[in-house]
Amino acid sequence: MSIIDPNKEYQKQTESRVIIRFQDCDPLRHLNNAKYFDYFFNAREDQVPKLYGVEMKDIIQEYKAFWVVYNHHIAYLKSANLGEWVRIFTRLIHFDDNTTVIEYLMTDDSKSHLKTLMWSTFKYVAMDTSRTTTHSADVQAYLKAMLFDEIEYHPNKFDERVKQVKASLQTNF
């Protein structure tokens with residue numbers, strides 16, 4: 001199974017426009033904090049197959065390994081409200097032999113205000129052992145093709161990244 005076309009330049013960022021649903025809100029009509037994860041993960045899951053032409057389930061089946069959540073860093077800056085249209089951006093900002101880090105951003109519909117920023121770290125785990133395993137050469141090529149390398153990732157620089165995105169939101173998109 002070939003995951004990517006080595007002669008193609010792939011988009012490095014996904015973008016989705018979604019509406020905040022009633023069932024996902026608290027009594028104050030704000031998106032429930034736990035629901036941000038659903039919105040972020042669903043947006044990425046919807047967009048990756050469109051951009052890269054392969055479903056996650058196919059990669060998992062072919063390579064007998066999958067990514068599991070290791071940790072999250074999240075900053076809730078402005079609430080997302082019932083009935084509001086928002087933009088969700090996702091991008092792979094780091095990977096190594098057995099780890100990936102995805103950056104998720106939620107903005108207002110006009111992309112002028114950052115609502116939430118999250119980094120999720122995933123470990124690559126073999127299905128037969130349930131232990132961390134190394135990305136195969138094909139998977140590394142796939143990750144390299146989608147890597148958003150405009151960010152100098154460091155796991156201890158999350159708060160600095162939040163400030164950077166807030167300051168430059170208008171020019172980044």
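This is a predicted model: local features need pLDDT of at least 70, side-chain atom pairs count only at pLDDT 80 or more; totals for chains, interfaces and linings use all residues.
Residues are numbered from 1 along each chain as its sequence is written, and side-chain values use heavy atoms, leaving out hydrogens and water.

**View 1. Asp109 meets Arg87 in a salt bridge.** The N to O distance is 2.9 Å; a salt bridge here is a side-chain nitrogen of Lys or Arg within 4 Å of a carboxyl oxygen of Asp or Glu. This pair joins distant parts of the chain, 22 residues apart: Asp109 sits in the loop between β4 (99-108) and β5 (114-126), and Arg87 in strand β3. Strands are DSSP runs (E, at least two residues), numbered from the N terminus.

**View 2. Arg87 also forms a salt bridge with Glu15.** Here, too, the N to O distance is 2.9 Å. Arg87 in strand β3 (residues 85-95) and Glu15 in strand β1 (residues 14-19) are 72 residues apart. Arg87 is buried at 19% relative accessible area, whereas Glu15 is partly exposed at 29%.

**View 3. A network of salt bridges links Glu15, Arg17, Arg87, Asp109 and Lys111.** By the rule given in View 1, the count comes to twelve salt bridges.

**View 4. Lys157 and Glu160 meet in a salt bridge.** Their side chains are 3.7 Å apart, N to O. Lys157 is partly exposed, with 35% relative accessibility.

Notes. Helices (H or I, at least four residues) and strands (E, at least two) are DSSP runs, numbered from the N terminus. Buried means under 20% relative accessible area, exposed over 50%, partly exposed in between (1.4 Å probe, protein chains only).
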